[in-house]
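Please keep the sequence and the coordinates at hand while reading.

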Amino acid sequence: MAEPQVTVESMLPASTPAGQSPVAVSKGWKSQTHTHVQSLGRVAVLVGIVAFSALVPLMPTNDMKADLTLLSGLVLVLGLYFLWRGGALSSRSRLDLPLIVFILAASLATVLSPRSFLSFVPSRSRGDGLLIYVVYVLMGWAAARLRPDSAKLVLRGGLAGAIVIAAVAVGQFYGADPLRLLGFRAVDPGVFFGILPLPTADLPYHGWRSFGTLGNPIFLGGYTLLVLPVIIAFVLASDRRCARYILLTALAGTYAALLASASRAAFAGLVLSVGMLLVVPPRLPRPWKRLVLVAGVLAAVTALLTLTGPGEELMGRARGGVSSQDGSLRMKLFVWKNILPLIAQRPIFGWGFSNLAGRLPGIGSKEYFEIYGFALSGIDTAHNEILHIAFSTGLLGLAAYLWIWAVVLKALLAAVRHSGEHRAVAAGILAGLAGYFLWLQSAWSHIGPANVFWTLAGIAVALERSGKEAAASAVLTSQR
């Protein structure tokens with residue numbers, strides 16, 4: 001006797017909804033499955049981005065930051081896979097092509113590097129490496145596809161992380177460091193400039209200057225520069241009293257953390273950021289009233305830290321310009337001058353990541369000993385973002401990197417002009433990135449602050465797209 005054929009219809013329940021064929025029920029199940037897969041994918045993507053931008057900066061050591069960055073990248077890839085299986089991956093964004101060119105240039109630099117493996121794996125001391133940059137690019141790519149409600153959720157997660165970091169920084173400013181209670185020690189201040197501590201030395205702290213969970217006051221300054229203008233924008237745009245009080249608390253804490261870092265580059269970046277917000281304020285019924293409220297909070301925090309902390313030293317850092325005899329400036333100028341010949345040796349593809357240590361010319365010269373003394377040195381970074389990217393990925397990678405910045409800037413300017421309810425957020429991100437770019441000229445995209453930058457870069461493009469969609473929808477509605 002012939003065996004019965006097994007078909008899709010025969011695998012369905014014997015009873016089907018009235019008026020529906022078994023094939024229709026099967027299609028309905030497939031549709032529900034796709035919906036569940038898409039939902040799971042969206043949750044995984046959001047979890048990955050929030051962990052990347054909000055939780056990574058909270059990690060007290062660079063190796064922990066690198067590990068969580070890679071883990072968040074895996075979660076993101078899993079979410080993107082689910083979205084692909086569910087047929088819900090968004091269309092292209094204007095950020096895609098520069099991101100692809102940049103990561104291809106970085107990959108070529110790693111393959112052609114004299115020490116390819118060193119360039120590929122994450123640096124345990126700096127959190128650098130091609131793998132880390134792959135995650136950076138993926139996060140920017142995914143953030144550029146977020147819907148406005150998801151983008152706001154990511155920003156709120158970043159706000160919660162900023163509040164925690166601010167609390168740690170303020171505690172350090174007053175001599176109460178919770179990280180030390182947890183068994184973590186500060187990074188030696190000289191390590192930022194490539195001065196190696198003695199193996200037996202108890203790593204010193206940064207005096208009264210705070211470093212939060214970023215390992216160095218300079219990186220705390222860069223982090224707060226990115227976050228503070230966004231918080232100000234939220235305060236200006238908030239229409240709920242309870243939310244405004246929470247935002248004002250976050251504003252006071254984050255600004256206190258920036259002051260406590262005593263980073264002169266961060267102070268200069270803050271002036272530029274505030275200037276940008278004054279030029280492109282959110283369109284509100286009474287914007288100046290809220291600006292006065294923000295200014296009052298900033299003035300009160302400045303007075304409080306000056307009167308209750310090391311006010312003379314803090315004001316000295318804030319007022320002090322940069323002189324030719326400044327030790328940190330002389331160290332940076334020495335590195336900048338001597339890294340240019342290395343860039344000229346491999347101008348197109350660069351040397352790869354983490355390949356500067358042991359290569360810098362001039363070490364051991366008379367000028368070197370005048371600046372660094374007889375301390376052990378391990379100079380491994382350019383202390384300037386443009387030079388850092390040019391050395392690591394060559395002029396090809398630098399061109400793609402600047403292309404990314406140009407696309408993000410263009411998207412933000414368009415979002416500020418046309419994004420309606422999202423204009424305030426776009427203005428805050430624009431102001432933060434302006435200050436951060438200035439800060440980068442004496443630092444580099446270090447893990448922690450860099451996580452926030454790549455997320456904001458993607459959100460900037462997402463806000464522009466959302467504004468265009470809202471404008472197009474309004475036009476269609478008016479034509480009906």
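G467 counts as buried, at 4% relative accessibility, where buried means under 20% relative accessible area, exposed over 50%, and partly exposed in between, with a 1.4 Å probe and protein chains only. Its place is in helix 18; helices (H or I, at least four residues) and strands (E, at least two) are DSSP runs numbered from the N terminus. G467 and R423 are separated by 44 residues in sequence, yet their C-alpha atoms lie 8.8 Å apart in space.

The model is a predicted one, in which local features need pLDDT of at least 70 and side-chain atom pairs count only at pLDDT 80 or more, while totals for chains, interfaces and linings use all residues. Residues are numbered from 1 along each chain as its sequence is written, and side-chain values use heavy atoms, with hydrogens and water left out.

Helix 18, which spans residues 449-479, also contains L463. L463 is buried, with a relative accessible area of 4%. Between L463 and H418 there are 9.8 Å in space, C-alpha to C-alpha, and 45 residues in sequence.

A further residue of helix 18 is W454, which counts as buried at 2% relative accessibility. The C-alpha atoms of W454 and A143 are 8.5 Å apart, although 311 residues separate the two along the chain. Contact here means heavy atoms within 4.5 Å. Not counting residues up to four places away in sequence, W454 touches F52, L99, F102, Y136, G140, Y401 and I404. For F453, with neighbours within four places in sequence likewise left aside, the contacts are L226, Y401, W405, L433 and Y436.

A cavity is defined on a 1 Å grid over the protein atoms alone, as a set of points where a 1.4 Å probe fits but cannot get out, and lining residues have an atom within 4 Å of a point. Grid points are joined across faces, edges and corners, and a volume is the space filled by probe spheres set on the points. By this rule there are four cavities of 30 Å³ or more, and the largest cavity holds about 150 Å³ of space. Its lining comprises 14 residues, of which L155, G158, L159, V452 and L456 are the closest to its centre. Helix 7 (148-173), helix 9 (217-237) and helix 18 each give two or more residues to this lining, and helix 9 gives the most, with six residues. By class, the lining has 11 nonpolar, three polar and no charged residues; Ala, Val, Leu, Ile, Met, Phe, Trp, Tyr, Cys and Pro count as nonpolar, Asp, Glu, Lys and Arg as charged, and the others, Gly among them, as polar.

S238 lies in the loop between helix 9 and helix 10 (241-261). This serine counts as buried, at 9% relative accessibility. Its side chain reaches the backbone oxygen of R240 at 3.3 Å. Leaving aside neighbours within four places in sequence, S238 is in contact with A243, R244, L247 and R290.

Two loop residues have positive phi values without being glycine. A262, with phi near 55°, is found in the loop between helix 10 and helix 11 (264-279), and counts as buried at 0% relative accessibility. S354 has a phi of about 60° and is placed in the loop between helix 14 (327-345) and helix 15 (366-372).

At the level of the whole chain, the secondary structure comes to 18 helices and zero strands. Of the 480 residues, 50% count as buried. Among contacts between residues at least 6 apart in sequence, 78% join residues at least 24 apart.

How values were computed:
On a 1 Å grid over the protein atoms alone, a cavity is a set of points where a 1.4 Å probe fits but cannot get out, and a pocket is an open set with protein on both sides within 12 Å along at least five of seven lines; lining residues have an atom within 4 Å of a point. A polar contact is a pair of N or O atoms within 3.5 Å; within protein, one must be able to donate a hydrogen and the other to accept it, and residues adjacent in sequence count only if both atoms are side-chain atoms.
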